[in-house]
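Biologist: I'd like to learn how to read a model like this one. Could you walk me through a few features?

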Amino acid sequence: MVRRHELTDAAWARIEPLLPVNTGPGGRWRDHRQVINGILWKIRTGADWRDIPERYGPWQTLYQRFRRWSTDGTWDRLLARVQTHDDAIGAVDWSAVCVDSTIVRAHQYAAGARKRGAPGDETGMPGAGQALGRSRGGLTTRIHLACDGRGLPLAFTVTAGDVNDCTRLIDVVEAIRIARTGPGRPRVRPGHLIADKGYSTGIIRAYLRRRRIPHTIPERADQLAARARRGHRRCGFDRDRYRRRNVIERCFNRLKRFRGIATRYDKLARHYHATVTIASLMLWLNHDPQNRP
């Protein structure tokens, strides 16, 4: 019997051939499906590793498998292969790729990891290497994400919560990379990009023009006033297309149904990145790829 939050038979059939096989010493691995279901239970509930029900096996085994696959990129490869499959059958909607970010509160359990000199520490500030920022509400993390027109994640980055949205749009767009099943270069360019006025900067618009990516980004009031003073015309803005931006809000809502994402409990940035990757993978697996836009 498949319990709530566990892999369905259809979802398991899609990822089972993609999972690594134990070829090294140490005996046989515990059943992959049982372990993944336990990890999903942990992410869904936000509980401690020690509180995972015994039916999923020893919590140490689940944690070690989660940590190993977070480090070697297994979770990322699973998501990439599922995305490649859906793109091959024409299910991915490239016509309205939306970019936005969301703030996530960090639990006190997320604090305490090595802060200075950690991978990804670009600022030298405490906590920056583990994607933790401090605001009036406490420690926070920000997820910068791009989704397709169906509201399924294409790519994302995780930063400290005090990092501005517009500074990471280029990183998110550059992270979009869906391989082909046959010969040919990976798909890296959206058919059309939609973002809110927080991304209305000259650097971003110049980058999108250089990449030949059509975009719909409203201008801020101060930018419109400056254009009027100079006698320049305003940028083109398709209001009907912009209404499709709500798909990314729905994407964030679905991701935050996982309590391990809505509140960050992971100390390490790579572990929280893996948590978001697993939740994104579940969104893709539970979406009918034949339900084309």
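Modeller: A cavity is a set of points, on a 1 Å grid over the protein atoms alone, where a 1.4 Å probe fits but cannot get out. Points are joined across faces, edges and corners, and the volume is the space filled by probe spheres set on them. Bear in mind that this is a predicted model, where local features need pLDDT of at least 70 and side-chain atom pairs count only at pLDDT 80 or more, while totals for chains, interfaces and linings use all residues. Residues are numbered from 1 along each chain as its sequence is written, and side-chain values use heavy atoms, with hydrogens and water left out.

Biologist: How much space lies in the largest cavity, and which residues line it?

Modeller: About 60 Å³. Lining residues have an atom within 4 Å of a point; here they include Lys42, Trp49, Phe66, Tyr265 and Asp266.

Biologist: And which residues of the largest nonpolar core touch the most other members?

Modeller: In soluble globular proteins, nonpolar side chains tend to be buried together. A nonpolar core is a set of buried Ala, Val, Leu, Ile, Met, Phe, Trp, Tyr and Cys residues joined through side-chain atoms within 4.5 Å; buried means under 20% relative accessible area, exposed over 50%, and partly exposed in between, with a 1.4 Å probe and protein chains only. In this 71-residue core, the answer is Leu7, Ile36, Ile39, Trp75, Ile143 and Leu145. Helix H11 (residues 269-285) gives the most to this core, 11 residues. Helices here are DSSP runs (H or I, at least four residues) and strands likewise (E, at least two), numbered from the N terminus.

Biologist: What is the nearest side chain of opposite charge to Asp87?

Modeller: A salt bridge puts a side-chain nitrogen of Lys or Arg within 4 Å of a carboxyl oxygen of Asp or Glu. Lys and Arg count as positive, Asp and Glu as negative; His and the chain ends are not counted. Asp87, in helix H4 (residues 74-88), is buried without a salt bridge, and Arg180 is that nearest side chain, 4.1 Å away. Contact means heavy atoms within 4.5 Å, and leaving out residues up to four places away in sequence, Asp87 touches Val92, Trp94, Ile178, Arg180 and Arg187.

Biologist: Where is Arg212 found, and why does it count as exposed?

Modeller: Arg212 is in the loop between helix H6 (202-210) and strand E6 (215-216). Arg212 counts as exposed because its relative accessibility is 60%. Its phi is near 60°, a positive value in a residue other than glycine.

Terms used: 1 Å grid on protein atoms, 1.4 Å probe; cavity = no way out; pocket = protein on both sides within 12 Å on 5 of 7 lines; lining within 4 Å.
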